[in-house]
Amino acid sequence: MNSPTPDALLGPADVRELAGALGVRPTKQRGQNFVIDANTVRRIVRTAGVRDDDVVVEVGPGLGSLTLALLEAADRVVAVEIDDVLAGALPATIAARMPARADRFALVHCDAMHVDELPGPAPTALVANLPYNVAVPVLLHMLDTFPTIERTLVMVQAEVADRLAADPGSKVYGVPSVKANWYADVKRAGSIGRNVFWPAPNVDSGLVSLVRRAEPIKTTASKREVFAVVDAAFAQRRKTLRAALAGWAGSAAAAEVALVAAGVSPQARGESLTVEEFARIAENKTETKAENKESAQP
C-alpha cells in the first residue's frame, strides 16, 4: 500500500478553507457537522478495526475528513453523498491530498436511503459520521441492503448511541435497539467531544459498533413481520403487550393467544423483550393465520 503524505488528512484550517472555497455552510437540515480533527478520524478508523483488505462504505463524507483516514487503511472506499456541492468536490480533494489512493475511491451521489447497489466489490464494512436527523433509518437501510457488511462503526448523537446499544429493561431500550439487534451485536464504542466538529454541535456524540450476527435470528417469520410487532409494541410504551398488540393481532384476545404461545406474559411491556421474543410473537400470529386458512378450506 502506498503511504500517504503526513499532511494528507484535513485539519481545522483545511476544512474551513475547503468550505470557504466551495461556499459551503454546514446545514442543520441535513444534520451536517464536519470533523476537523485528524486524530479523531484516525481513532474512528482504529476503533472500526478497518483492515487493508476491507471495502468500506461511508455515508455522508462531507468534505472528506473521515474519507481520507479510511483510504489510509482500507483497500477501497465508496462514499455516498447527497449534497450536490460536496459530492462534486470530494473526488478532487481525494486526488489532491492522496493521489496514490485516488483509484481506490468511488463516489455515489445519492440519498443513502435510496442506495440499493454500489460500484466495485461488495462492501465489508460501514464506517460513517451519520447525519443526526436520519442516523437510525440510514443505518438500518444499509445493513438490510448490503448483507456483506460484517462490521459497522457509526458516530451518532450520544442519545441515539445509547438507544441503539441499549439492553432489554433499559429506559432507553426501544425500536432502534431491537431492530439494530436483528442484524448485529451492538455496543457503545466510545464518546466524541463537541470540539472536534465544525460547527460544534450542542449535543455530545457517541460511537456505536455493530458486528453482524454470524447466524441470522432463527425464526419462520419474515423481518417485516417481526418489525411490525416491534413497532406496535413501542407505539404505546406504557401499555401491556396484550393491549399494545391488539391492533396488530386484530384484538386484545388474539394478541394474548400469540403472546402465550410465544412464551411471553401478556402483562409484559415491549421494553423487557429481546429480539428473539419479538420474533416468536410474530411467528405465532403467522401460524394462527395459517391455521385459520386451513380450517376455512372444505
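Predicted model: local features only at pLDDT ≥ 70, side-chain atom pairs only at ≥ 80, totals over all residues.
A crossing of two helices is right-handed if the near helix is turned clockwise from the far one by less than a right angle.

**View 1. The whole chain, to get your bearings.** Welcome to a chain with 12 helices and nine strands. Its C-alpha trace spans about 70 × 40 × 30 Å along the principal axes. Of the 298 residues, 50% count as buried. The chain exposes about 13800 Å², and carbon and sulfur atoms supply 51% of that area. Among contacts with a separation of 6 or more, 71% are accounted for by residues 24 or more positions apart.

**View 2. Helices α7 and α8 cross.** Here you can follow helix α7 (residues 175-183) and helix α8 (residues 223-235), whose axes come within 10 Å and cross at roughly 160°. Angles over 145 degrees count as roughly antiparallel, so α7 is roughly antiparallel to α8. The crossing of α7 and α8 is right-handed. On the α7 side, the contact is made by Val-175, Val-178, Lys-179, Trp-182 and Tyr-183. Helix α8 brings Lys-223, Val-226, Phe-227, Val-230, Asp-231 and Phe-234 to the contact. Taken together, the residues of this contact divide into eight nonpolar, no polar and three charged.

**View 3. Helix α3, enclosed by the rest of the structure.** Now look at helix α3, which covers residues 65-73. Nine of its nine residues are buried, so α3 is largely enclosed by the rest of the structure. The buried residues start with Ser-65, Leu-66 and Thr-67, continue through Leu-68, Ala-69 and Leu-70, and finish with Leu-71, Glu-72 and Ala-73.

View 4. Find Asn-129 in strand β5, which runs over residues 125-129. Asn-129 has 15% relative accessibility and therefore counts as buried, the cut-off for buried being under 20%. Leaving aside neighbours within four places in sequence, Asn-129 is in contact with Asn-33, Val-35, Val-59, Gly-60, Leu-66, Met-155 and Phe-197.

**View 5. A cis peptide bond at Pro-199.** Most peptide bonds are trans. The bond from Trp-198 to Pro-199, however, is cis, with omega near -10°. To find the spot, look for the loop between β8 (197-198) and β9 (205-212), where Pro-199 lies.

Key
Residues numbered from 1 in each chain as written. Heavy atoms only, no water. Axes fitted to C-alpha atoms, helices over the stretch in contact; angles between N-to-C directions. Helix = DSSP H or I, 4+ residues; strand = E, 2+ residues; numbered from the N terminus. Parallel < 35°, antiparallel > 145°, perpendicular 65-115°, else oblique. Contact = heavy atoms within 4.5 Å. Nonpolar A, V, L, I, M, F, W, Y, C, P; charged D, E, K, R; others polar. Buried < 20%, exposed > 50% of the residue type's maximum accessible area, 1.4 Å probe, protein only. Areas by Shrake-Rupley, 256 points an atom, 1.4 Å probe, with all protein chains shown as cover.
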